[in-house]
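Visitor: I would like to know what the labels put on a model like this rest on. Please set each one against its definition.

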Amino acid sequence: MINDSLQSRQRVIATIITVVIVIYILRLFSIQILQSRYKEGADSNAFLKKTLFPPRGLIYDRNGVLLVYNKPAYDITLIIREIHNIDTISLCRSLDISKVEFIERIKNIKDRRKNMGYSSYTPQIFMTQLDIKDVATFQQSMYKYPGFYIQNRTLREYAYPNAAHVLGNIGEVTQRRIEKDDYYKSGDYAGRDGIEYTYEKSLRGIKGMEILLRDAKGRIKGKYDNGKSDIPASAGQNLTLTLDMKLQILAEKLMTGKVGSVVAIEPKTGEILALVSNPAFNPSILVGRQRSKNYNALLNDPTKPLMNRATQAQYSPGSAFKPLQALVCQQMDGINSNTRFACSGESSSPIKCTHSHGSPVDLEQAIEQSCNPYFWHAFRSTIEKDGYGEKNLIFRTNYDEWVDRMKSFGLGEKYTDGDLYEQSRGYIPTQKFYNKVYKAETGWRAITIRSNSIGQGEVLVTPLQLANSMAAVANNGYYITPHLHKSDTMLTKIHRVKVDQKYFPIVFDGMSRVFESGTARLSQLDSVQMCGKTGTVQNPHGKDHSLFVGFAPRENPKIAVAIVVENAGFGSTYAAPIFSLMAELYLKGKITRTELEERVTKIVTNANVKER
Amino acid sequence: MSKNVSMKYALDWTTVAYFVILVLMGWVSIYGASYNFDQSGILDWNQRAGKQFVWILTAFGIGGMLLLVDYKMYNFFAYFIYAATIALLILTIFVAPDIKGSRSWLVIGPVSFQPAELAKMATSLALARFMSSYNYKIKNWKDIIPLGMFILLPFILIILQKETGSALVFVALLLMLYREGMNGIVLLMIVLAIILFVVVIRFSMATIGVEQGTVGFIAAMLLILALQLGYAFFLARQRKETGYSLIGIAVMTIFTLIINQWYNVNFNYASIVIVILTTFYWLFNGILNRNKQIWMVAAISIGSVFFCYSSDYLFEKVLEPHQQVRIKVLLNMEDDLSGAGYNVNQSKIAIGSGGFFGKGFLNGTQTKLKYVPEQDTDFIFCTVGEEHGFWGSTLVLFIYWLLLMRILRIAERQRESFNRIYAYCVASIFFFHLMINVGMVLGIMPVIGIPLPFFSYGGSSLWGFTIMLFILLRLDASRIERLR
Ligand SMILES: [Zn+2]
């Protein structure tokens, strides 16, 4: 005990030691309990969350024919933070890209303006939609490129080169869609048009996740927690369409070389049997790496193959409007089955007749002969049945009624309870519209808007609406919203037409006589009684459009069709035989008139329409 | 035989228990840290845990043998052991192969050994012998020089082996010197130097005006002024003079700012001038009042100014680039997540992700997947933090605290100053290792690669610490032998 006075210093030393240890315990408390960022850091370090993409639902036609299925494809992804010491030249060689392209791609990935979800910690798409043969060499040498991964995907494969507009296609999701639906991550695919778009949510399935452990060098060390935390991907639901692929193929074939559309509907169910828009394209060209190149080519094609004319193009219905006019005018007491009007043929006024026939004509003959003066008189006596001028308010009320009953055939509005993507509204001109055009409520009357009586004025319809209006006629007064997905819930969407059933038989009579002795007599089909109406629509930009609407058979109709062939001339020449051939195939199962089929197929109305 | 029986009573079994607990916990942690997903078991000889088991068994053997040696031998052979170790250190510099830039490992066949681990024990023994001699006085300059030599010699030799971390451990002996009578001012000055260094370096990038000085330097000068005023006001109780000094500082500051309107003043130099002028004022004042302590205050002030002035130079010229980066990362001046900051960041992530209860034994993802470098040696504490969480790491620190307190208690119960001085050497060295190692892992100490006693993987360090501890236990056990 030499330094007794110094003995107290042991307490100073003990205090120093204690203070340091207490500080360390507080520090431990701070980083282990108070702060959460270290936990997150650990997760992003060690867990590689690998997305498992579900196979997309398959698409079948109404008879169970497989239309769309999947084939494997591969994406190359990278995690910027993990890339180090890679031999860029050999990497580029194994992926068959140039070094300039490599640098450009990396630059685009890092550019937050182009890639808003960019993070150096998460996988980013480097190359997408590669074939197995494209990635084979890369896969063998992948260990040399830390930070690069191969991601399995599926791509669409099409059994037929047809129905592109119905099926739609798959493309990378846009930034807007990612913001709207947080299911998507940058680089995901989603349906872009048609059925693929409408039924995206059930077709896409649910993405799964696999949690892998990886070490500091990025090497995968196995599954985390033996895969107990993994979420398996659940496959998308398969979809059965209402389409009859045989009928669709025939319709597309008959439209070869022509611009226009064909829509066929099963009247009882509203199921769309065929939906053709020509020019079209092979859906498989919008798959894989060539997609954007091909897409741009289609976008710049002057014949607009990307546009779905069947639902988007709007035409004056012309004479195809007459059966509806006949029904509404009867309902409103403007005419009855015995009403006759005189026709002076070409010298009729204010609308001349394009056909020569006896005079006067009744309703049935007027439909058969497509007599313009008859329908002008019928229209006038309907909306001016209570006069005009002093009675202007009553006139306008009558006009409103006409509009309302006309629209009840599914015209002038989009089908909002169906599943068709990108429709146009069409147009049934309203009272308000004419008040505005003629600057006063009294500024117009039947004669002012007489073109509407024969479907030429301001009335506009889409081929789909036209086909649906025929389905409503065929059903004697109702229609089910036309749709593409074969399901029972769709059948409940019944819409009643505001025309009583008793007014239909005479229209049926008139329309069947069109085949027997009228404008479509050359297109009649033995043993099946068909109803139809041809139409020739004046077109200020060129030759007349040829239209046809019809249904068959007359008793218990199975198919209602609308056909538009742009710039073709007379309806009977082009559109009617297409209907006849389609009805034959659908009702009889095969075509006996192969000569007619070939002849129609070979007709070219627009030389710019490319063969597929 | 009688000796063994007496040892049973004389040995401090508590310390032995702490030792065994720490060694076993370390072993389990090494198993956790080096665990592979396809590993067979803890006794796999090809794995580190298996090897560590061999080191542990041999360490127990060495410890047992050291207890059998007559306690007088340690005192008797202290200088001889020191000389032999120094010779070994010199030899090592020349024959050791270059392992990651360090030349500190002696490789003899399959075994490699680090003599620096022995140097701590040898120096402790030599210091104990020297300082316990009859005519030794710590205030005597004649004795301070050889004392310094005892410490400096191994320090320099280990620096030459490029093992800066191991060399710095000798700084810990200041704690022992403090217990043995060194002026406490020395410890305070070290703390002051660290604070000034950190302040100057941390804010050396923040410049004032047009490159007219740095925030760090001026803050350091203000700190010195504050110390002077604090001393005068609270300890020397010269209230009036403190006021005069404050007024003087204010006047000089305003004067500087006025001059600055016409001429760009270097504020660093201006603040130096102010500190020197106030220092002279206090000196003058002290002479008048016959206050001898004022000389010390003046010396510290001038020394601090000089230290601050040269700290930039020290930082950039004396420290190596990688050491500079480590300090910058520690001071949050750089965020180098791929380089020097990576280790510390990953180690914090590993510990932080453990939470309160930890992820469970062998469930740590960060350590298992090798995110933490040196995870079974210098960063072994990460494994504890990740797998056993807050309670586990706190428990380990608590056992270290118990061990250190126990050693202090043993030290104070010794009748011979040789034993006490040696015990304090052991406590200081263990404490320094613990403080630097755990502090580094927690990101509050610079990265200095020294092992955690008894925990880190490696035979040399385990043997080194075991030898130090068991010599102490043998010396302590001699209390009872002497009583008989
Ligand atoms: Zn006529």
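Guide: Helices are DSSP runs of H or I with at least four residues, strands are runs of E with at least two, and both are numbered from the N terminus. In this predicted model, Pro360(A) is in the loop between H13 and H14 of chain A. The peptide bond that joins Ser359(A) to Pro360(A) is cis, with omega at about -5 degrees.

Visitor: Which other peptide bond, from Asn278(A), is cis or trans?

Guide: The bond from Asn278(A) to Pro279(A) is cis, its omega being near 0 degrees. Pro279(A) sits in the loop between strand E12 (271–278) and helix H11 (291–300) of chain A. Most peptide bonds are trans.

Visitor: Which atoms coordinate the zinc ion?

Guide: The SG atoms of Cys343(A), Cys353(A) and Cys371(A) and the NE2 atom of His357(A) do, at 2.0 to 2.4 Å. A donor has to be an N, O or S atom within 2.8 Å of the metal, and these atoms meet that. Along the chain the spacing is C-x9-C-x3-H-x13-C. Cys343(A) and Cys353(A) both lie in the loop between helix H13 (322–331) and helix H14 (363–369) of chain A, so this pair ties together parts 10 residues apart in sequence.

Visitor: What makes the arrangement around the zinc ion tetrahedral?

Guide: Four donors count as tetrahedral if all angles lie between 85 and 135 degrees. The 4 donor atoms here subtend angles of 103 to 122 degrees, so the arrangement is tetrahedral. The ideal angle for four tetrahedral donors is 109.5 degrees.

Visitor: How do you know whether Phe454(B) is buried or exposed?

Guide: Buried means under 20% relative accessible area. Phe454(B) has 2%, so Phe454(B) is buried. Phe454(B) is in the loop between H19 and helix H20 (459–483) of chain B, and has a positive phi of about 70 degrees although it is not a glycine. Phe454(B) is also one of the residues that touch the most other members of the largest nonpolar core, which has 122 residues. Helix H19 (residues 417–441) of chain B gives the most to this core, with 18 residues.

Visitor: And how do you know whether Lys162(B) is buried or exposed?

Guide: Exposed means over 50%. Lys162(B) has a relative accessible area of 54%, so Lys162(B) is exposed. Its phi is positive, at about 60 degrees, although Lys162(B) is not a glycine. Lys162(B) lies in the loop between helix H7 (141–160) and helix H8 (164–168) of chain B. Most residues other than glycine have a negative phi.

Terms used. Residues numbered from 1 in each chain as written. Chains lettered and ligands numbered in written order. Predicted model: local features only at pLDDT ≥ 70, side-chain atom pairs only at ≥ 80, totals over all residues. Heavy atoms only, no water. Donors = N, O, S within 2.8 Å, 3.2 Å for Na, K, Ca; no water. Tetrahedral: all angles 85-135°; square planar, octahedral: opposite > 155°, others 65-115°. Core = buried A, V, L, I, M, F, W, Y, C linked by side-chain atoms within 4.5 Å. Buried < 20%, exposed > 50% of the residue type's maximum accessible area, 1.4 Å probe, protein only.
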